[in-house]
Amino acid sequence: MLSLGSSGGKQPAKPSFVSYVTPEEINPEKETSKKERLPALLPGEVVFCSANPVLKFTQDELSQRGVFGTLVCTNFRVSFISDEAQTEDTTQHFKNKLYGENDIPLMCVDHIYGGYDDKKKLITGPQLKNKYPSKIIIHCKDLRVFQYCLTFTDEKDARKIFQGIVHHCLESKSLKCVFAFSYSANNAEMQRKWRTVMFDATEDWAQEMKRTKGNCRLVTENYAFELFPRLPQYFIVPAAVTDEDFQTAKKFNGKGLPIWCWSHHSGCALFKTATVPLMQEDTVSQNYVERMLTAVAQNHLYSVKTEDLGDTLPSLQEVQLAYSKFKQFFLIDNSTDFWVSDVKWFSSLENTGWLDIIRQCLQKALEVVECLEKENTNVLIMDEEGSDLCCVVSSLVQLMLDPYYRTLMGFQSLVQKEWVAAGHNFQDRCNHLHHKDKEHLQSPVFLLFLECVWQLLQQHSPAFQFSETYLTVLSDSLHVPVFSTFLFNSAQQRLGMLLTAESPQQQPWTQRGPLSCPTVWDWSVQFDCRSQEFFINPVYSEKLRVDKAAKKSHRPKHTRQLSLPAFKTPPKKGFFKEETDSLKKMLRAKRLSRWMLSPDASPQAASREFYEAWQRRPLDYHGVLLPQLDGPAVRVWMQRYLRWIPEVQIFGGGAVALTSRLSELQVEVQELVRRLERHGGHGHGGGGGGGVYYRDGPPPPYPGASTPSPTLLQMPSQSHLLRSSVRLSSSFPFISVRNWSFKPAIPTSMGPQGLSFTDPDNIASKEDEYSETISLV
């Protein structure tokens, strides 16, 4: 490890595996030998431009250390290849097959800054055609920061690489120019095997309806997207929706149609829709909305509650603004910037509003859960498009109520159903094509959902089969231009592009015709089996598998074990004509009502009572889960936001220490279970009753379905990775200690003279002591 440099101090120590240089060690008059090295190209990857020598800086501002190498821009990534051969084994246990630690996928570039005479300027386009900066600073959407110095590069090459990176990363482009089409067209060995329910066939929807015991209508008439181009090929609506209603819905481009999301075991269901603009004299639209709401009400006990999320949750512009402010605290160019921001760290993060937006989404999902679970009423949520905040709330509601969606395969199926098949505008919201007009509104809606899921995961960790590492990798995969999952705005666009796309290079060996881009759920494209083990939560409380004999003698009421007391639902005959007329008056309103509560009550107060009643019950990790929203319960997703910042790393500690110990205990328990099975025969412990862990993964989601892959679903043994020779830090598995270029220093004071730092040797020397202490816990 390198010691921290300082002005007038000792030169930093150089490890044997890489050569770092400082300005004092550089001789400008010495002619640097030009030896360009290129990365191992993926199928369909083409090099646009390159430059050598380029100096890649570390984040240490005091010594400005770096390493020389070649900077390359391809149709997939910006890559830096060091000129120095690595003499030490630096094998990573969590290595991405598509790109390395010095690679930036083009779609992952967030902002580019240029360094001009010690001034940092945001690059917004090709306005600087004849100029190039002495330094390029790239901020990535996964919060990595890269700095490249062009001072020692040939002027022609420096201008070419700068303009090439700016053009291919920031300029608007056609969808066919995205690397995914070149990759799939030239990758003959691409695997297309996954077990996630994709919801691209009628069988998937029918099985989901059967699993949740719903009683709605499966629509197949939109197979060719002739009825509603923005809706999926297949979707489910209330049974009372007629073919005549579809013809009326065509006038509104499918808006107003209540799309089924999930059915509660009591019979009520959750629906979502896009709002229909209601004009005062427009009787057609008013009658249409009334019929749709009536159809939802008829699904169960002629009851419905509606919520326009556009009135109660922040707008997409507000979500984008809050996140833009929030992420700036984690995009650190140098050590000084970090310690300056550390003075008012928590208050600054809270003032951005991002954590409050997360809290509001969880609160709204809690209110919907209360209506479904306690009041047994249908719920219809809506937003402008029906595929933004509706997706966030509906997905969170299903996570809280249905334990199947807390498994890895179930969660991936949930994303497919509520986001991919439902037509969330991934292309526009993620700004994949860098469109600058207002029609393509950018907003991190899917990341907001993952943030909310992480809050539930860290509050109720044993209830989730997947880990926070899985969520972090999923958020990274959002900006990898290889997969079709997060690339399109609608199911029609996805199917149409994959059927007609051709390789933009028009190479003679390119196969024309239908293409099949890999899905992000095929994790083998990015990671090997050992790396995928980090996706599994080691503290997951797996549901016990009951013996068949016991199952026959005891028949459970439902697959979900509720944590709340049963609420008696009034019979249908209890709804008299007066109540029906009152409902119809509500349906005729120009503006849909919010939660129907007494004047003295509020949704938050009612939800508080509901939460406290749930909290008094014994916690069932396979039942209803509710989020805690008070005080510091909503936390910062440390792994995602802080993994690249050396100053905040805990050597030999952090969550990885707990994971390591739990994995070791898990291996011991599994070994004991195997011994008991061998001794007693088939897990009965010498003839004793009781169930055993279903160690090959949870039961198939549907009757007759194949069991998911044991490689992903079996509780993993991570101890062979965590107890390796690599010295761990709290950023593991994304970064190991050996990859840091220097020891982080902690300032002891901050005054007018600037920052003063303590000697880091005392902190670093404690690393081995921490590791020994952890092993004894």
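Cys-108 is buried, with a relative accessible area of 4%. The model is predicted. The sulfur of Cys-108 lies 4.9 Å from the closest cysteine sulfur, that of Cys-140. A disulfide requires two cysteine sulfur atoms within 2.5 Å, so the gap to Cys-140 is too far for a bond. Cys-391 is likewise in no disulfide. Its nearest cysteine sulfur belongs to Cys-390, 7.0 Å away. Cys-391 is buried, at a relative accessible area of 0%. Across the whole structure, the search finds zero disulfides.

The backbone was examined next. Most residues other than glycine have a negative phi, and most peptide bonds are trans. Pro-53 is part of strand E1, which covers residues 47–57. Pro-733 sits in a loop. That loop runs between helix H24 (719–722) and strand E17 (747–751).

Positive phi values occur at Asn-253 and Tyr-302. Neither residue is a glycine. For Asn-253, phi is near 55°. Asn-253 lies in the loop between helix H4 (243–250) and strand E11 (259–263). Asn-253 is exposed, with a relative accessible area of 55%. For Tyr-302, phi is about 50°. Tyr-302 is placed in the loop between helix H5 (283–297) and strand E13 (304–308). Tyr-302 is partly exposed, at a relative accessible area of 23%.

Conventions
Residues are numbered from 1 along each chain as its sequence is written. This is a predicted model: local features need pLDDT of at least 70, side-chain atom pairs count only at pLDDT 80 or more; totals for chains, interfaces and linings use all residues. Side-chain values use heavy atoms; hydrogens and water are left out. Buried means under 20% relative accessible area, exposed over 50%, partly exposed in between (1.4 Å probe, protein chains only). Helices (H or I, at least four residues) and strands (E, at least two) are DSSP runs, numbered from the N terminus.
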